[in-house]
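I opened this notebook page to record what I looked up in the chain. The entries follow in the order in which I made them.

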Amino acid sequence: MLRLLMLIAISDTPTNERGPRHTKPILAAIHKATSAASPVSFIFGRHADAVGLYVRFSDEHASLIKGQFHAKYPDCHIEQLSDDALDCPDGSETASMELHLRPDLFPIVRYQQFEDATQVEMDDPVGGLLQTLSPDNMSVRAMIELIVTPASRLRAYHAQRTVERLTTRSLF
């Protein structure tokens, strides 16, 4: 079966007060639906002089992904783009890098760590990422792409065993 790829741009109103905590169920639902044959990419990049969040996925996930974003961010705007909308212009010099985190069992920062206890609000870590992708008066066009694929059963088994050992034993 031929899978067509879709690319969407997601933007929200400036008055949006929902932060990373509302994104967790979206990511959980998307992660559950993905497979090695049908990954989902979250892209922080620039298109048409605007920096934002883009999502690339196979057409079979279209209703799930769009529905999840609209459910948690009701005022968000989703625009479908051509699959090559984020590609560099012909003749551009490009460079890429892959980053693999080891150990990969725990996240770098959990969303709870973005909570400002004194102000009782969440700091949004995405703003800093978007600022780095849009340097003033620069012709550099940067992009960060996170490709979501589920771990293999063996990797998931080893991770579960590690968590069990960490939670049932005294480390000292």
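**Cysteines**

I began with Cys88, which counts as partly exposed at 34% relative accessibility, where partly exposed lies between buried (under 20% relative accessible area) and exposed (over 50%), computed with a 1.4 Å probe and protein chains only. Cys76, by contrast, is buried, with a relative accessible area of 7%. I then looked for disulfides, taken as pairs of cysteine sulfur atoms within 2.5 Å, and the count by this rule comes to zero.

**Basis of the entries**

I note that this is a predicted model, in which local features need pLDDT of at least 70 and side-chain atom pairs count only at pLDDT 80 or more, while totals for chains, interfaces and linings use all residues. Residues are numbered from 1 along each chain as its sequence is written, and side-chain values use heavy atoms, with hydrogens and water left out.

**Whole chain**

I recorded four helices and seven strands in the protein chain, with helices (H or I, at least four residues) and strands (E, at least two) taken as DSSP runs numbered from the N terminus. Their order from the N terminus is β-α-β-β-α-β-β-β-α-β-α. Of the 172 residues, 22% count as buried. I also looked up contacts, meaning heavy atoms within 4.5 Å: among those between residues at least 6 apart in sequence, 74% join residues at least 24 apart.

**Strand β2 and its partners**

Two strands pair if DSSP finds at least two bridges between them. β2 runs antiparallel to strand β7 (residues 144–148), with five bridges joining the two, and Val40 stands opposite Val148 in β7. β2 also pairs with β3 in the antiparallel sense, over seven bridges, one of which sets Gly45 against Gly52 in β3. The β2 and β3 strands form a hairpin with two residues between them, and Ala48 in the turn has a positive phi of about 50°.

**Arg56**

Is Arg56 buried or exposed? I found this residue in strand β3 (residues 50–58), and Arg56 is buried, with a relative accessible area of 15%. Its side chain makes a polar contact with the side chain of Asp83 at 2.9 Å, a polar contact being a pair of N or O atoms within 3.5 Å, of which, within protein, one must be able to donate a hydrogen and the other to accept it, and residues adjacent in sequence count only if both atoms are side-chain atoms. Not counting residues up to four places away in sequence, Arg56 touches several others, including Leu5, Met6, Val40 and Glu145.
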